[in-house]
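Please keep the sequence and the three-dimensional view at hand while reading.

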Amino acid sequence: MLLHDTALVFGRYARQTLRSRFAMLFGVLMPLLHLLFFGPLLTRLPLASRGSSWQVLVPGLLLQLGLFGAAFAGFVIIVEKNLGIVERMRVTPVSRLALLLGRVLRDAAVFVFQAVLLVLAALAMGLRAPLAGILVGFAFVALLTLSLASLSYALAMKVRTPQEFGPAVNAMTMPSMLLSGLMLPMSLAPHWLDVLSHLMPFRYLVDAVRDAYVGSYLTAHMLYGALVALGLTVISVTVGTRVFRTAGA
């Protein structure tokens, strides 16, 4: 029944997404602009001991896509609460876990599709990376989306207006972007800032994907990144499901 209910919820929101293709493509615009206008500035800079500047920048942009996109996914819940859709779902026998999973799986599918577009553009601009590394990057984008979208929906169930939701999400995403080394590796930062960045879980995901893009898979970065991504996903889905149950989603 859980699989059946999840498929029903996923199908509902997937159809909504397909009816708004412009919004789906518009979501990848910001990372594409960084790729087009920021990437060429880095081509002659020694950003890392291994790999090209594209192998440093593109993994960060992939996770930036998941970070900002999934973090703001909860806006939909606020709209649905105001329209009474959440209340109507509450009286159905659909599993509360399915109500969350259907949404976040749709989000993961959308952002992986956008990540594919971003990588194709990067390949046209000069990125060279092994296919296995590119697929690993997509997997990390999916896991990051599952975790952050779950937390975003949980937060949206607790607040009443977009004016409360937006500042709270911004307060989380901006430090995460700056301290995770999404744009530039934190190894270039002062020692104190590099140490501080290790408290940010997203840094481990960025380091893991950058290793994958140079063909290194059996590394400490990859191990830590995979453990953090999986652990964050499990915790976030658990928290999101509990909020959906207690809030009567």
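Which residues make a nonpolar surface patch of about 750 Å²? The patch is made by Phe 22, Phe 26, Leu 29, Met 30, Leu 33, Leu 36 and Phe 37. This is a predicted model, in which local features need pLDDT of at least 70 and side-chain atom pairs count only at pLDDT 80 or more, whereas totals for chains, interfaces and linings use all residues. Residues are numbered from 1 along each chain as its sequence is written, and side-chain values use heavy atoms, with hydrogens and water left out.

**The nonpolar surface patch**

- Patches are made of residues with over 30% relative accessible area and no salt bridge; like charges are joined within 9 Å, and nonpolar side chains (Val, Leu, Ile, Met, Phe, Trp, Tyr) within 5 Å.
- Accessible areas come from the Shrake-Rupley method with a 1.4 Å probe, and for residues only the protein chains shown count as cover.
- Helix H2 (21–26) and helix H3 (29–38) each supply at least two residues of the patch; helices (H or I, at least four residues) are DSSP runs, numbered from the N terminus.
- The most is given by H3, with five residues.
- Leu 29 belongs to helix H3 and is partly exposed, with a relative accessible area of 35%; buried means under 20% relative accessible area, exposed over 50%, and partly exposed in between (1.4 Å probe, protein chains only).

**The nonpolar core**

- A nonpolar core is a set of buried Ala, Val, Leu, Ile, Met, Phe, Trp, Tyr and Cys residues joined through side-chain atoms within 4.5 Å.
- The largest such core has 67 residues, of which Val 58, Leu 62, Leu 63, Phe 140, Tyr 153 and Tyr 213 touch the most other members.
- Helix H8 (residues 131–158) gives the most to this core, with twelve residues.
- Not counting residues up to four places away in sequence, Tyr 153 touches Ala 73, Gly 74, Ile 77, Leu 100, Arg 103, Val 104, Arg 106, Asp 107 and Phe 244; contact means heavy atoms within 4.5 Å.
- Ser 150 is placed in helix H8 and counts as buried, at 0% relative accessibility.
- Leaving aside neighbours within four places in sequence, Ser 150 is in contact with Leu 100, Val 104, Thr 145, Ser 236, Val 237 and Gly 240.

- In helix H5 (residues 75–83), the buried residues are Ile 77, Ile 78 and Glu 80.
- These residues cover an arc of only 165° around the axis, which puts them on the same side of H5; the arc is that of the directions from the helix axis to the C-beta atoms.
- An α-helix has 3.6 residues a turn, so residues three or four places apart point the same way.
- Asn 82 and Leu 83 are exposed on the other side of H5.

**Helix H11: an enclosed helix**

- Eleven of the 13 residues of H11 are buried, so this helix is largely enclosed by the rest of the structure.
- Ala 208 lies in helix H11 (residues 201–213) and counts as buried, at 0% relative accessibility.
- Ala 208 touches Phe 140, His 221, Met 222 and Gly 225, not counting residues up to four places away in sequence.

**Salt bridges**

- Side chains of opposite charge can pair when their charged atoms come close.
- The structure holds six salt bridges, a salt bridge being a side-chain nitrogen of Lys or Arg within 4 Å of a carboxyl oxygen of Asp or Glu.
- Glu 80 pairs with Arg 12 in a salt bridge, with the closest N and O atoms 3.7 Å apart.
- Glu 80 lies in helix H5 and Arg 12 in helix H1 (residues 2–18), so the pair ties together parts that are 68 residues apart in sequence.
- Glu 80 is buried, with a relative accessible area of 4%, whereas Arg 12 is partly exposed, at 26%.
- A network of salt bridges links Arg 12, Glu 80 and Arg 103.
- Arg 106 and Asp 107 also meet through their side chains in a salt bridge (3.0 Å, N to O); Arg 106 is buried, with a relative accessible area of 10%, and Asp 107 is buried, with 6%.
- Another salt bridge joins Glu 164 and Arg 160, with the closest N and O atoms 4.0 Å apart; Glu 164 counts as partly exposed, at 36% relative accessibility, and Arg 160 as exposed, at 65%.
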